[in-house]
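Subject: Structure for you to look over

Hello,

Here is the structure I said I would pass on. Please open it first; my notes follow below.

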Amino acid sequence: MKIKRLDSIHIDFQTLVKHLDATLAEHNGDDHAFFDQFNKIDLIKNCIVVYIDENPAACGAFKEYSKDTVEIKRMFTNPVFRKKGLGTAIVNELQIWATELGYKKAILETSRELKNAISVYEKSGFHRIPNYGQYIDVDESVCYEKILR
């Protein structure tokens with residue numbers, strides 16, 4: 001496994017995000033347009049791609065949410081590479097990177113139905129919080145946060 005820090009213009013990140021968007025469109029159904037508006041990648045500077053044998057296998061990113069908080073976004077693992085700890089590796093690397101940049105907290109949103117994603121976040125020390133921002137009244141969403149050290 002090799003982890004690379006990139007930005008959102010990198011082709012491997014963009015390719016993985018296209019697969020993520022297709023997966024989410026199927027998962028979210030009629031609600032996809034609502035969620036999609038918050039998932040644009042053109043301004044994300046802090047992205048990670050995990051490679052297995054030179055193959056882009058998984059990705060994740062964060063963007064600034066407030067002066068001391070980042071929001072973790074665009075987490076995806078190619079189904080071929082799932083159950084190998086790549087999601088946990090990405091979350092850990094994103095936390096390290098955010099801490100290096102001086103951020104104190106990370107937040108994120110996911111679907112209450114994505115049990116594998118929730119498991120990764122909870123194993124990584126995130127705890128459930130009330131839904132924030134645009135997700136406040138969205139029953140399908142669950143939100144998490146972690147104080148970074």
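This is a predicted model: local features need pLDDT of at least 70, side-chain atom pairs count only at pLDDT 80 or more; totals for chains, interfaces and linings use all residues.

**What was found**

The buried residues of α4 pack against β4, α3, β5 and β7.

Which residues of α4 are buried? They are I118, V120 and Y121. Because these residues cover an arc of only 160 degrees around the axis, they lie on the same side of α4. As background, an α-helix has 3.6 residues a turn, so residues three or four places apart point the same way. On the face of α4 turned away from the buried side are the exposed residues K115, N116 and K123. After α4 comes G125, which has a positive phi, near 95 degrees.

Next, the cores. The largest nonpolar core has 26 residues, and the members that touch the most others are F62, I72 and F126. At least two residues of this core come from each of β2 (46-52), β3 (55-66), β4 (69-77), α3 (86-100), β5 (105-111), α4 (115-123) and β7 (141-147). α3 provides the largest share, six residues. In soluble globular proteins, nonpolar side chains tend to be buried together. There is also a second, separate core of 13 residues, with F13, V17, L20 and I44 among them.

Which residues does F62 contact, leaving aside its neighbours within four places in sequence? The list is I44, N46, V70, E71, I72, K73, L94, W97, A98, L101 and Y103. One of these, I44, is included in the second core. Another, I72, is named with F62 among the residues of the largest core that touch the most other members.

β2 and β3 run antiparallel and are joined by seven bridges. Across this pair, N46 stands opposite F62 in β3, and N46 is also in the contact list of F62. The hairpin of β2 and β3 has two residues between the strands, and D53 there takes a positive phi near 50 degrees.

How many bridges pair β3 with β4? There are seven, in the antiparallel sense. A61 has K73 in β4 as its bridge partner.

Regards

Definitions and conventions:
Residues are numbered from 1 along each chain as its sequence is written. Side-chain values use heavy atoms; hydrogens and water are left out. A nonpolar core is a set of buried Ala, Val, Leu, Ile, Met, Phe, Trp, Tyr and Cys residues joined through side-chain atoms within 4.5 Å. Buried means under 20% relative accessible area, exposed over 50%, partly exposed in between (1.4 Å probe, protein chains only). Helices (H or I, at least four residues) and strands (E, at least two) are DSSP runs, numbered from the N terminus. Contact means heavy atoms within 4.5 Å. Two strands pair if DSSP finds at least two bridges between them. The arc is that of the directions from the helix axis to the C-beta atoms.
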